[in-house]
Amino acid sequence: MPRVELPKGAQVLSVSPSGTSVWVQTVRIDTRLTDGNLKTYFKKGATGDRGRAMMHGTFESEKMLYAFAPNNVPKPVAWGTYRDEPDKHFYICDFYDMTDDLPNIQKFCALVAQIHLDSMGKSPANKYGFQITTHLAYVDNDNSWCDSWEEWFARALKRMLEEEENSHGPDEELAILTEAIFEKVIPRLLRPLETGGRQILPCLIHSDLWPGNAKPDAVTDEPIIFDSCAFWGHNEADLGPWRASRYRLGRSYMKEYHKLIPISDPVEDWDDRNALYAM
């Protein structure tokens, strides 16, 4: 147990399973602080070099999101390696009790839009990317800084497809489709965002906003978002997962979001861009 990262003098009362994940081990840690108050933390852990990178990336990603939405992102506490188990790594944050309901559409969309608006144009040197590798599930993102959104998105998608091929082997049909995506689809849909006098500004993207990572607080009903894979990108990229019918968000949430932030030009490309972002 990484007690060294809990407040000094905190007494661990219990450790119990919390949530489910294919990629990491997750637990709830109930403690009593020196002033007698009870405090609960959430911890996830993973092993190996990839596990260490995942925990580090999670900490930096969540810390950045927390800076823009401290009332809606569990406060990151620490990440590190177990002293007596050097191949085992952890991430700790505040614990929230949440329901499995969909987040309130107005509150949730207002939160996402607020993060996007407040962070827009504040990335380092106005570039796309992130300062450290983050992971979407177990896949490491290529977060190398880029001057254009088209360049960054193509690089990130290429990394995802490389992992797909590593896991399942080469596929001739997929190879043909991949070539078309990189040579035709991405330039056609993303290049117009930053050419012809048009401009977008990088903003902070959560990048995995599906109902498993966006839940109502069980007490306040306020939306809580977590388990981000952050990067600086086009704000509409965060709406990609909402397209999937299995996630039960859909166009009603997109329309609510776009009441707060208009669709980027060219507006007529919006649906195709959203389909690309949903990949």
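The side chains of Arg-191 and Glu-150 meet in a salt bridge, with 2.8 Å from N to O; the term stands for a side-chain nitrogen of Lys or Arg within 4 Å of a carboxyl oxygen of Asp or Glu. This pair links distant parts of the chain, 41 residues apart: Arg-191 sits in the loop between H4 and strand E8 (203-205), and Glu-150 in helix H3. Helices (H or I, at least four residues) and strands (E, at least two) are DSSP runs, numbered from the N terminus. Arg-191 counts as partly exposed because its relative accessibility is 43%, while Glu-150 is buried, with a relative accessible area of 16%. Here buried means under 20% relative accessible area, exposed means over 50%, and partly exposed lies in between (1.4 Å probe, protein chains only).

Before going on, a word about what you are looking at. This is a predicted model, in which local features need pLDDT of at least 70 and side-chain atom pairs count only at pLDDT 80 or more, while totals for chains, interfaces and linings use all residues. Residues are numbered from 1 along each chain as its sequence is written, and side-chain values use heavy atoms, with hydrogens and water left out.

How many salt bridges does the structure hold? There are 19 salt bridges. One of them joins the side chains of Arg-251 and Asp-271, at 2.7 Å from N to O. It too links distant parts of the chain, with Arg-251 in helix H5 (residues 250-258) and Asp-271 in helix H6 (residues 270-277), 20 residues apart. Arg-251 is partly exposed, with a relative accessible area of 44%, and Asp-271 also counts as partly exposed, at 29% relative accessibility. Another salt bridge brings together the side chains of Asp-84 and Arg-83, at 3.6 Å from N to O, and both of these residues are exposed. Elsewhere, Arg-50, Asp-140, Arg-159, Glu-162 and Glu-163 are linked in a network of salt bridges.

Glu-164, Glu-165, Asp-171, Glu-172 and Glu-173 form a negative surface patch. Helix H3 (149-168) and helix H4 (172-190) are the elements that give two or more residues to this negative patch. Patches are made of residues with over 30% relative accessible area and no salt bridge, with like charges joined within 9 Å and nonpolar side chains (Val, Leu, Ile, Met, Phe, Trp, Tyr) within 5 Å.

Now turn to a charge in another setting. Asp-217 lies in the loop between strand E9 (214-216) and strand E10 (223-225). Asp-217 is buried yet has no salt bridge, and the nearest side chain of opposite charge, Lys-107, is 9.7 Å away. What does the side chain of Asp-217 reach? At 2.7 Å, the side chain of Asp-217 reaches the backbone nitrogen of Val-219.

Most residues other than glycine have a negative phi, and most peptide bonds are trans. Ala-125 has a positive phi of about 55° although it is not a glycine. You will find Ala-125 in the loop between helix H2 (105-119) and strand E6 (135-136), where this residue is exposed, with a relative accessible area of 67%. Ser-207, likewise not a glycine, has a positive phi of about 85°. Ser-207 lies in the loop between E8 and E9. Is Ser-207 buried or exposed? At 14% relative accessibility, Ser-207 counts as buried. There is also a cis peptide bond, which joins Asp-265 and Pro-266 with omega at about 0°; Pro-266 is found in the loop between H5 and H6.

Tyr-41 belongs to strand E3 (residues 38-47) and is buried, with a relative accessible area of 4%. Tyr-41 and Val-77 are 36 residues apart in sequence and 8.8 Å apart in space, C-alpha to C-alpha. The other pair begins with Pro-86, in the loop between strand E4 (76-81) and strand E5 (88-94). Pro-86 is exposed, with a relative accessible area of 64%. The C-alpha atoms of Pro-86 and Arg-248 are separated by 41 Å, and the two residues are 162 residues apart along the chain.

Methods: Areas by Shrake-Rupley, 256 points an atom, 1.4 Å probe, with all protein chains shown as cover. Lys, Arg positive; Asp, Glu negative; His and termini not counted. Charge placed at Lys NZ, Arg CZ, Asp CG, Glu CD. Polar contact = N/O pair within 3.5 Å; in protein donor to acceptor, adjacent residues only side chain to side chain.
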